[in-house]
Amino acid sequence: MIRYHPIDAGVTVPCTDLCLSGMHHSYVFLGKGDPLVEHEGNPFSADFSFTETDGTSRILRVSFDHADIVRVLDEVYLDSEQYGLDRTGLVHRHFAYRVENSRFWNAQSEFYRQMNPSAIHYRFITATACLDVLTAADVQFSVFDDPR
């Protein structure tokens, strides 16, 4: 059974009004660019655009100081990935979740799960896309005016 735990992202718009508009994932190494040296972080952020009821264009930024694994999946394929599995905790038109026992999490290697025992599966759902992030870092949300 997949368990969804809703997270408050700090906005009141339904997930169907959010649109994934950009992502940034970087790799920062401690050892002068040597990828064999243990890294200090892989910061990740994703921007979701939306329009307030007064017509103001805004951005909801979801960010992590470190992200191990990131994927974007069309929402239609997410439904087929979960076909036949019981799901609890989903809230109608909700955007942000912490997820337990998903097929995505279970598809990761035993090595990854042993090396990252505190990793969490976060899922962000819109009408057209699903963003999955595996990380031990806490999620951070910020909202600002769309600069475009």
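Which strands form the open sheet of six, and in what order? Let me start there. The order is β7-β11-β10-β9-β1-β8, and the pairing is mixed. The edge strands are β7 and β8, and each of them pairs on one side only. One caution before we go on: this is a predicted model.

Take strand β1 first. It covers residues 2-7, and strand β8 covers residues 87-88. The two run parallel, joined by two bridges. Look at R3 for an example: its bridge partner in β8 is T88.

Now look at how β1 pairs with β9. Strand β9 spans residues 96-100. Here the sense is antiparallel, and there are five bridges. H5 stands opposite R98 in β9. P6 has Y97 as its bridge partner, again in β9. Strands of a sheet pair through backbone hydrogen bonds, either parallel or antiparallel.

Go over to β7, an edge strand of this sheet. It holds residues 69-74, and R71 is among them. Is R71 buried or exposed? It is buried, because its relative accessible area is 17%, and the cut-off is under 20%. R71 also has a partner for its side chain. A polar contact of 2.7 Å joins the side chains of R71 and D132.

Next, the other sheet on my list. This one is open too, with four strands in the order β2-β5-β6-β12. Its pairing is antiparallel. The edge strands are β2, residues 19-25, and β12, residues 140-145. Each of those two pairs on one side only. From one strand to the next, the twist averages 20 degrees.

How many bridges link β6 and β12? Six, in the antiparallel sense. Strand β6 is residues 57-64. Within that pairing, R58 has D145 of β12 as its bridge partner.

On to the nonpolar core. The largest one has 21 residues. Which residues have the most contacts inside it? They are F48, F64, F95, F124 and V133. Four elements are listed as giving two or more residues to this core: β5 (44-51), β6, β10 (120-125) and β11 (129-135). The largest share comes from β5, with four residues.

Let me stay with F95. This residue sits in the loop between β8 and β9. F95 counts as buried because its relative accessible area is 5%, under the 20% cut-off. What does F95 touch, leaving aside neighbours within four places in sequence? The list is A9, C15, L18, F48, L60, V62, R123, F124, I125, T126 and F141. Pick L18 from that list. F95 and L18 are 77 residues apart in sequence. In space they are 8.4 Å apart, C-alpha to C-alpha.

Another loop residue now: S102. You will find S102 in the loop between β9 and α2, the helix at 103-106. S102 is buried, since its relative accessibility is 1% and buried means under 20%. Which residues does S102 contact, once neighbours within four places in sequence are left aside? I2 and H121. With H121 there is a polar contact between side chains, at 2.8 Å. The side chain of S102 also reaches the backbone nitrogen of W105, at 3.0 Å.

Last topic, the cysteines. A disulfide is a covalent bond between the sulfur atoms of two cysteines. How many disulfides does the model have, with sulfur atoms within 2.5 Å as the rule? The count comes to zero. Consider two of the cysteines. C19 is partly exposed, because its relative accessible area of 39% falls between 20% and 50%. C130 is buried, because its relative accessible area is 0%, under the 20% cut-off.

To recap. The six-stranded sheet has mixed pairing, and the four-stranded sheet is antiparallel. F95 is one of the residues with the most contacts inside the largest nonpolar core. S102 is joined to H121 by a side-chain polar contact. And by the distance rule, the disulfide count is zero.

Conventions:
Residues numbered from 1 in each chain as written. Predicted model: local features only at pLDDT ≥ 70, side-chain atom pairs only at ≥ 80, totals over all residues. Heavy atoms only, no water. Pairing = 2+ DSSP bridges. Buried < 20%, exposed > 50% of the residue type's maximum accessible area, 1.4 Å probe, protein only. Polar contact = N/O pair within 3.5 Å; in protein donor to acceptor, adjacent residues only side chain to side chain. Axes fitted to C-alpha atoms, helices over the stretch in contact; angles between N-to-C directions. Disulfide = S-S within 2.5 Å. Core = buried A, V, L, I, M, F, W, Y, C linked by side-chain atoms within 4.5 Å. Contact = heavy atoms within 4.5 Å.
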